[in-house]
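Colleague: I would like to learn how to read the backbone, the sheet and the cores of a model such as this one. Could we begin with a loop?

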Amino acid sequence: MAEHHEMPPDKHQKLVKAVRLEWISILYLLSAIVLLYFTLGSSQAMKAAWVEDILGLTPPIAFLVASRVRNRKPNDRFPYGYHRATAIAYLCAAVALLALGAFILYDSVSKLLKFEHAPIDLVKPFGDRPIWLGWLMLAALAYSAVPQVVLGRLKQPLARELNDKVLYADSEMNRADWMTAGAAMLGVVGIGFGLWWADSVAASVISVDIVRDGWKNLRVAVDDLMDKEPTVIDDARADPLPLWVKNELMLLDWVKDAEVRLREGGHVFLGEAFVVPVDNEDLVGRIDRANQHLLDLDWRLHELVITPVPEIQRPEPAGEGG
Amino acid sequence: MNQTRSSRRAGPLLAAVALLAVLAAGCGIPRDPESTLDRVRGGTLRAGITASEPWTTLEGGRPGGVEVELVERFATELGARVEWVDGSEADLMAALEVRELDLVVGGLTADTPWQAKAAITRSYATTRVVVAVPSSQPAPDDIAGLRVAVEAGTDAAGILEDKTDAIPVRVADVTQVRGSAVAVEEWLLADLDLRDTGVHLSRSKHVMATPMGENAFLVRLERFLIANQGEVPALLDKAEAGR
């Protein structure tokens with residue numbers, strides 16, 4: 001079975017660009033986290049936005065760690081390679097999102113139910129002039145949102161080209177950050193107008209968003225670890241590659257019947273193909289040539305084990321329980 | 001959800017919030033949820049007081065002291081009359097929480113545990129307890145083994161033992177001690193003719209308490225305190241002279 005390079009050269013360039021963008025994201029997020037920390041005050045909405053930015057560090061870190069680890073070639077201790085590293089990193093990030101989001105949601109809703117009013121008073125950040133902390137909060141929120149949306153927009157096409165779900169999920173979270181910042185800003189302005197509940201309501205909205213992100217990512221991470229059939233980058237539908245590979249196999253003159261199953265391993269797909277040959281002539285050569293041909297179909301197909309079988313057992317369609 | 005569509009709405013939403021904020025800038029932001037400042041202006045300021053010399057005193061039921069003086073001036077600025085209510089800190093904070101009072105003073109400091117229930121102001125004065133010697137004596141390089149008079153019933157003795165090797169001698173009134181090293185509030189150094197040894201035992205940031213969330217009132221009080229914090233040393237001297 002010939003081993004392809006994991007990535008063609010042009011994709012590798014995109015990977016380098018993605019890695020650079022993720023480093024920039026991490027540095028920028030750290031600065032936003034520090035700025036938000038200094039303008040937290042006693043606002044629950046600010047706290048939720050701050051926590052969400054801290055959690056926003058986990059996908060870039062997961063991506064960068066996974067990029068290093070999965071490039072390692074398989075060895076005798078890890079004969080299947082290190083592809084699963086991404087899925088594990090992804091799972092951890094999703095669990096963190098879910099758990100912290102749920103906690104902040106509980107915190108915000110209980111503050112709302114206890115009718116807690118948020119105090120926002122004066123600070124003197126630059127020398128002698130006092131300024132209402134709310135203005136600084138709005139400025140910090142704007143700083144934390146606008147670059148994030150821009151970074152998200154830059155990352156998303158890269159994620160599609162690299163077939164990287166972690167990067168894609170990260171870009172989605174970035175692009176949606178305008179909602180978080182907007183909600184927190186409305187919370188602060190609401191407090192300014194004397195609407196005491198604006199703060200906890202905004203915080204609750206933000207934490208629901210965090211929980212939703214966590215849940216979505218958790219589902220994708222679990223599907224990945226359970227070797228679910230490959231889906232397109234935004235998880236909307238099944239990827240057409242397994243069917244394509246099967247059709248290509250069926251077109252070969254020595255193949256009577258074929259079945260293909262693939263699973264996702266980070267960027268790439270791996271799997272098995274079962275073929276029923278018409279006769280046993282030059283089976284090894286035929287299989288080898290077929291393998292070369294199929295791996296050339298799509299850069300994402302990394303490894304395909306072709307096995308001759310007397311008869312195909314087709315998997316059943318998934319029931320409603322799916 | 002189609003992210004492209006919602007992302008394109010980002011611009012307009014942020015613009016709307018920015019507009020709202022700008023409008024707010026001209027509209028008396030921040031406001032009180034329960035209109036405390038509006039009610040107090042030209043009306044009555046209900047202030048809770050608990051005695052804590054020299055910040056607040058209650059001689060024969062009459063409020064006096066640095067913070068009382070400041071509150072009276074604040075009320076004058078607002079065209080209000082002060083109604084003083086005395087009680088323990090716990091009672092006053094409970095009343096403040098349900099907005100039965102507008103303000104509580106009593107030598108409160110920034111580390112007060114009541115800040116979970118009341119909105120405390122920025123600190124308007126910071127005072128320190130220092131170890132001092134009579135100005136006729138030179139300041140010692142090291143106070144280890146020095147006998148230092150401390151006020152009984154305060155934390156000064158404990159801090160002295162923890163932080164230094166000096167020996168605390170508890171006395172009833174540390175301002176009556178002559179000819180010995182004392183642990184005393186910094187503003188009393190000039191009055192008592194003492195010299196600072198440079199050893200500082202503790203620091204207190206003084207604040208006042210307002211109802212949680214009444215941000216217009218809080219901000220107005222803070223602006224007053226910032227403008228008048230220069231008066232505090234003079235008020236402290238006056239309070240000391242009156243003793």
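Modeller: S35(B) lies in the loop between α2 (10-25) and α3 (36-40) of chain B, where helices (H or I, at least four residues) and strands (E, at least two) are DSSP runs, numbered from the N terminus. This is a predicted model, in which local features need pLDDT of at least 70, side-chain atom pairs count only at pLDDT 80 or more, and totals for chains, interfaces and linings use all residues. Residues are numbered from 1 along each chain as its sequence is written, chains are lettered from A and ligands numbered from 1 in the order in which they are written, and side-chain values use heavy atoms, with hydrogens and water left out.

Colleague: What is the phi of S35(B), and is S35(B) buried or partly exposed?

Modeller: Buried means under 20% relative accessible area, exposed over 50%, and partly exposed in between (1.4 Å probe, protein chains only). S35(B) has a positive phi of about 50° although it is not a glycine, and with a relative accessible area of 36% S35(B) is partly exposed. N163(A), likewise not a glycine, has a positive phi of about 55°; N163(A) sits in the loop between α5 and α6 (165-175) of chain A and is buried, with a relative accessible area of 4%.

Colleague: Which residues does a cis peptide bond join in chain B?

Modeller: The bond joins E53(B) and P54(B), with omega about -10°, and P54(B) belongs to the loop between β1 (44-49) and β2 (57-59) of chain B.

Colleague: How should I read the sheet in chain A, and in what order do its strands come?

Modeller: Strands of a sheet pair through backbone hydrogen bonds, either parallel or antiparallel. Here two strands count as paired if DSSP finds at least two bridges between them. In chain A, 3 strands form an open sheet in the order β3-β4-β5, with mixed pairing; the edge strands, each pairing on one side only, are β3 (255-265) and β5 (301-308) of chain A. Strand β4 (residues 268-277) of chain A runs parallel to β5(A) and is joined to it by 7 bridges, and A273(A) has I306(A) as its bridge partner in β5(A).

Colleague: What packs on that sheet?

Modeller: Contact means heavy atoms within 4.5 Å, while axes are lines fitted to C-alpha atoms, for helices over the stretch in contact, and angles run from 0 to 180 degrees between N-to-C directions. Helix α9 (residues 241-251) of chain A packs on the sheet, touching β3, β4 and β5 of chain A, and its direction makes about 155° with that of β3(A).

Colleague: Which residues touch the most other members of the largest nonpolar core?

Modeller: A nonpolar core is a set of buried Ala, Val, Leu, Ile, Met, Phe, Trp, Tyr and Cys residues joined through side-chain atoms within 4.5 Å. The largest has 61 residues, of which F63(A), W132(A), L141(A) and L167(A) touch the most other members; its largest share, 10 residues, comes from helix α5 (residues 133-162) of chain A. Leaving aside neighbours within four places in sequence, the contacts of L141(A) include L36(A), M46(A) and M185(A). A second, separate core of 39 residues includes I49(B), L194(B), M208(B) and L221(B).
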